[in-house]
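Take a walk through this structure with the model open beside you.

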Amino acid sequence: MNTIYRNYYRQRTANQWRKTPAEHGDPSAIRPFLAGNWKMNLIPRAGVALAARIFDLCRDVKDVDMGFAPPFTGLSTLADYIEPDFLQREYGIGRNVFLLAQDTFFESKGAFTGEISSDMLAAIGVDRVIIGHSDRRANLGKYFGFSSSVARRLSKDFLTHTLKRLSQREQSQPQVLATIEHLLDDKNSDVLAGLATFLEAELNERAGESDEAIQRKVQAALANGLQVILCCGENREAREMRETFKLLERQLRIALEGVARPMMSEMIIAYEPIWAIGEGAKPAPLEQIAEVHDFIRNLLMDLYGEQIAARVRILYGGNVKPDNISAIMELAGVDGALVGGASLNATDFAKIIRFGLPD
Ligand code: PGA
């Protein structure tokens with residue numbers, strides 16, 4: 001059994017990352033980050049009430065960082081409530097409470113109905129933004145019906161009409177016209193039906209934010225003085241096909257492209273295997289969490305060198321609960337948790353923040 005450290009240094013010896021306990025109160029020690037992602041839950045007042053109960057149960061907890069990610073509508077109200085002098089007076093908590101947004105958009109303003117930019121978030125006191133959560137990477141196609149709009153475009157009626165419309169245009173691409181004609185040929189109706197079925201299923205399962213969109217969001221957040229919690233994680237299929245590392249490497253390399261070393265030590269990465277997230281799922285086994293966190297840290301070492309790799313906080317997310325947080329925090333590569341369901345319950349989230357402390 002390892003020991004649980006609330007604050008620690010991290011070293012690499014004999015090709016292995018290790019935690020060693022920090023001197024009490026050393027500001028250069030690594031502080032775990034416990035973040036609650038409320039997803040689409042809680043009206044602003046209810047969010048403040050929840051935060052207040054958590055602070056009450058965590059009086060005087062100064063040695064870890066805590067973050068709260070309400071929906072956009074709850075940010076301003078919570079920003080007012082977590083004003084540092086007030087928290088200090090009322091709960092004895094220092095400046096270790098951070099306001100998180102669940103997403104941001106990469107453009108700063110313009111005709112993007114429904115989107116919120118990073119400078120808007122910074123202006124209302126947001127500290128950090130979650131980028132690339134799997135709810136957005138993988139599930140948007142299903143929610144927004146991308147698949148039905150593709151299926152419609154692959155119907156014979158639509159294609160016939162499109163062919164007519166495009167052939168009347170002067171600059172239509174001959175290759176596009178030829179493809180549509182090909183698909184409309186009766187001989188190829190099987191191909192058309194197969195393509196529609198294939199794309200429908202793909203988009204339902206996988207359509208969402210691309211790695212490139214995530215890269216732009218990271219850039220926009222950093223340019224506006226926001227820190228980032230960058231999420232990555234594989235789905236069950238990738239895990240079963242043994243493609244986890246390949247996929248994580250792609251997600252991280254693309255998302256971090258253009259992030260310079262000075263910005264990197266404050267970056268937080270969250271490893272969230274999709275198959276371990278949400279009600280009914282089981283958290284990832286400890287050895288898999290340890291293995292992936294080491295993989296990510298070694299990748300960061302390749303990209304940014306050992307010193308930064310040792311410092312970057314890598315959180316685990318996926319069914320973190322009061323009864324498993326301590327074992328997860330014992331792992332040498334884990335620096336905190338991104339918590340969904342259990343962050344909506346004051347007692348549970350307070351226990352998670354208090355991991356390793358007596359009840
Ligand atoms: P969960 O969610 O804790 O409810 O599994 C984690 C997440 O999606 O961040």
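The shell around the ligand holds three nonpolar, six polar and two charged residues. Here Ala, Val, Leu, Ile, Met, Phe, Trp, Tyr, Cys and Pro count as nonpolar, Asp, Glu, Lys and Arg as charged, and the others, Gly among them, as polar. The model is predicted: local features need pLDDT of at least 70, side-chain atom pairs count only at pLDDT 80 or more, and totals for chains, interfaces and linings use all residues. Residues are numbered from 1 along each chain as its sequence is written, and side-chain values use heavy atoms, with hydrogens and water left out.

Which residues surround the ligand? They are K39, H133, E272, I277, G278, G318, N319, L338, V339, G340 and G341. A residue is counted as near if one of its heavy atoms lies within 4 Å of the molecule. Look at the polar atoms next. A polar side-chain atom of E272 sits 2.7 Å from a ligand oxygen atom. H133 also places a polar side-chain atom 2.9 Å from an oxygen atom of the ligand. N319 uses its backbone instead: an N or O atom there lies 2.8 Å from a ligand oxygen atom. On its own the ligand has 280 Å² of accessible area, and the protein covers 97% of that. Accessible areas come from the Shrake-Rupley method with a 1.4 Å probe; for residues, only the protein chains shown count as cover.

Stay with N319. It lies in the loop between strand 9 (313-317) and helix 17 (325-330). Helices (H or I, at least four residues) and strands (E, at least two) are DSSP runs, numbered from the N terminus. N319 has a positive phi of about 55°, although it is not a glycine. N319 counts as buried because its relative accessibility is 14%. The classes are buried under 20% relative accessible area, exposed over 50%, and partly exposed in between (1.4 Å probe, protein chains only).

A14 also has a positive phi, about 45°, and is not a glycine. Find A14 in the loop between strand 1 (8-13) and strand 2 (16-21). Is A14 buried or exposed? With a relative accessible area of 70%, A14 is exposed.

Now go to the interior. I229 belongs to strand 7 (residues 227-232). Its relative accessible area is 0%, so I229 is buried. I229 and L315 are 86 residues apart in sequence, yet their C-alpha atoms are 9.0 Å apart in space. R297, in helix 15 (residues 286-304), is buried at 0% relative accessibility. The side chains of R297 and D335 are joined by a polar contact of 2.6 Å. Such a contact is a pair of N or O atoms within 3.5 Å; within protein, one must be able to donate a hydrogen and the other to accept it, and residues adjacent in sequence count only if both atoms are side-chain atoms.

Salt bridges come next. The rule asks for a side-chain nitrogen of Lys or Arg within 4 Å of a carboxyl oxygen of Asp or Glu. How many salt bridges does this rule give? The count comes to 22. One of them joins the side chains of D63 and R6 at 2.8 Å, N to O. D63 lies in the loop between helix 1 (44-57) and strand 4 (65-69) and R6 in the segment before strand 1, so the pair ties together parts that are 57 residues apart in sequence. D63 is partly exposed at 21% relative accessibility, whereas R6 is buried at 11%.

D65 and R31 also meet through their side chains in a salt bridge (2.9 Å, N to O). D65 is in strand 4 and R31 in the loop between strand 2 and strand 3 (33-37), so this pair links distant parts of the chain, 34 residues apart. D65 is buried at 6% relative accessible area; R31, at 26%, is partly exposed.Another salt bridge joins the side chains of R137 and D211 (2.9 Å, N to O). R137 lies in helix 5 (residues 134-137) and D211 in helix 11 (residues 211-223), so the pair ties together parts that are 74 residues apart in sequence. R137 counts as buried at 11% relative accessibility, and D211 counts as buried at 9%. Salt bridges that share partners also join D103, R136, E209 and K217 into one network.

End at the surface. Y143, F144 and F146 form a nonpolar patch there, with about 360 Å² of accessible area together. Patches are made of residues with over 30% relative accessible area and no salt bridge: like charges are joined within 9 Å, nonpolar side chains (Val, Leu, Ile, Met, Phe, Trp, Tyr) within 5 Å. Y143 is found in helix 6 (residues 140-144). Y143 counts as exposed because its relative accessibility is 54%.
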